[in-house]
Amino acid sequence: MTNLQKVAVFTDSDEMFRTFKKAIPSAVGEVQRLTTLEGEPPAGVTLAFVDGKWPGDLNVLLGKLAARAIYVVLVDEEKHVGDGVPAMLADGIVDDLLLTPIRAIEVLGKINHVPHLEKVKEV
């Protein structure tokens with residue numbers, strides 16, 4: 001199990017945030033919910049789950065996260081995922097996709113993948 005300092009969940013959905021709070025293990029130091037982003041992402045965030053229905057400009061948010069080299073998982077309903085998502089994955093704008101309904105085992109898989117990606121970056 002990994003020991004991430006801080007995971008950010010960018011959503012204004014109470015239900016989605018509750019799901020992440022339940023699914024993310026205690027090995028993560030802090031799970032922070034952000035409903036707006038003014039300025040830069042919080043310090044110490046290594047992994048961000050981003051609601052595909054983000055109320056603000058999704059491209060601006062994803063750009064800020066990419067600039068900080070934060071591992072980004074886009075969370076959305078399969079029927080809501082647009083044609084642009086495969087390109088976002090191919091271009092590295094988002095690193096992964098998580099479809100709802102959210103399953104705890106999938107969240108844990110994304111969390112466990114971050115240390116591997118950090119090692120790849122070092123190499």
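Before anything else, a definition for my notes: helices (H or I, at least four residues) and strands (E, at least two) are DSSP runs, numbered from the N terminus. With that settled, I looked up T11, which sits in the loop between β1 (6–10) and α1.

**Ground rules**

I am working on a predicted model, where local features need pLDDT of at least 70, side-chain atom pairs count only at pLDDT 80 or more, and totals for chains, interfaces and linings use all residues. Residues are numbered from 1 along each chain as its sequence is written, and side-chain values use heavy atoms, with hydrogens and water left out.

**The chain as a whole**

I noted four helices and five strands in the protein chain. Read from the N terminus, their order is β-α-β-β-α-β-α-β-α. I then checked burial, where buried means under 20% relative accessible area, exposed means over 50%, and partly exposed lies in between (1.4 Å probe, protein chains only). Of the 123 residues in the protein chain, 38% are buried. For contacts I used heavy atoms within 4.5 Å. Among contacts in the protein chain with a separation of 6 or more, 63% are between residues 24 or more positions apart.

**T11**

Is T11 buried or exposed? T11 counts as buried because its relative accessibility is 0%. I also looked for polar contacts, meaning a pair of N or O atoms within 3.5 Å; within protein, one must be able to donate a hydrogen and the other to accept it, and residues adjacent in sequence count only if both atoms are side-chain atoms. The T11 side chain makes one with the side chain of D51, at 2.7 Å. Setting aside residues up to four places away in sequence, T11 touches M16, F17, R33, L34, T35, D51 and W54.

**Helix α1 and F17**

Next I went to α1, whose buried residues are M16, F17, F20 and A23. They lie on the same side of α1, because they cover an arc of only 130° around the axis. That arc is taken from the directions from the helix axis to the C-beta atoms. On the face turned away from the buried side of α1, I found the exposed residues E15 and K22.

F17 is part of helix α1. Its relative accessible area is 14%, so F17 is buried. Beyond its neighbours within four places in sequence, F17 is in contact with V9, T11, V31, Q32 and R33.

**P42**

P42 is in the loop between β2 (30–34) and β3 (45–51). With 16% relative accessibility, P42 counts as buried. Not counting residues up to four places away in sequence, P42 touches K6, Q32, L34 and R68. P42 and A8 are 34 residues apart along the chain, yet I read 8.3 Å between their C-alpha atoms.

**K110**

K110 lies in helix α4 (residues 104–122). Which side chain makes a polar contact with the side chain of K110? That of D96 does, at 3.0 Å. K110 counts as buried, at 14% relative accessibility. Leaving aside neighbours within four places in sequence, K110 is in contact with F49, Y71, V73, D96, L97 and L98.

Most residues other than glycine have a negative phi, and most peptide bonds are trans. A69 is not a glycine but has a positive phi of about 55°. I placed A69 in the loop between α2 (58–67) and β4, and A69 is partly exposed at 45% relative accessible area. The bond joining T100 and P101 is a cis peptide bond, with omega about 5°. P101 is in the loop between β5 (96–100) and α4.

**The largest pocket**

Last entry. A pocket is an open set of points on a 1 Å grid over the protein atoms alone where a 1.4 Å probe fits, with protein on both sides within 12 Å along at least five of seven lines; lining residues have an atom within 4 Å of a point. The largest pocket has a volume of about 250 Å³, a volume being the space filled by probe spheres set on the points, which are joined across faces, edges and corners. I counted 13 lining residues, with S13, E15, M16, T100 and I102 nearest the centre of the largest pocket. The elements giving two or more residues to this lining are α1 (14–23) and β4 (71–77). By class, the lining has four nonpolar, three polar and six charged residues; here Ala, Val, Leu, Ile, Met, Phe, Trp, Tyr, Cys and Pro count as nonpolar, Asp, Glu, Lys and Arg as charged, and the others, Gly among them, as polar.
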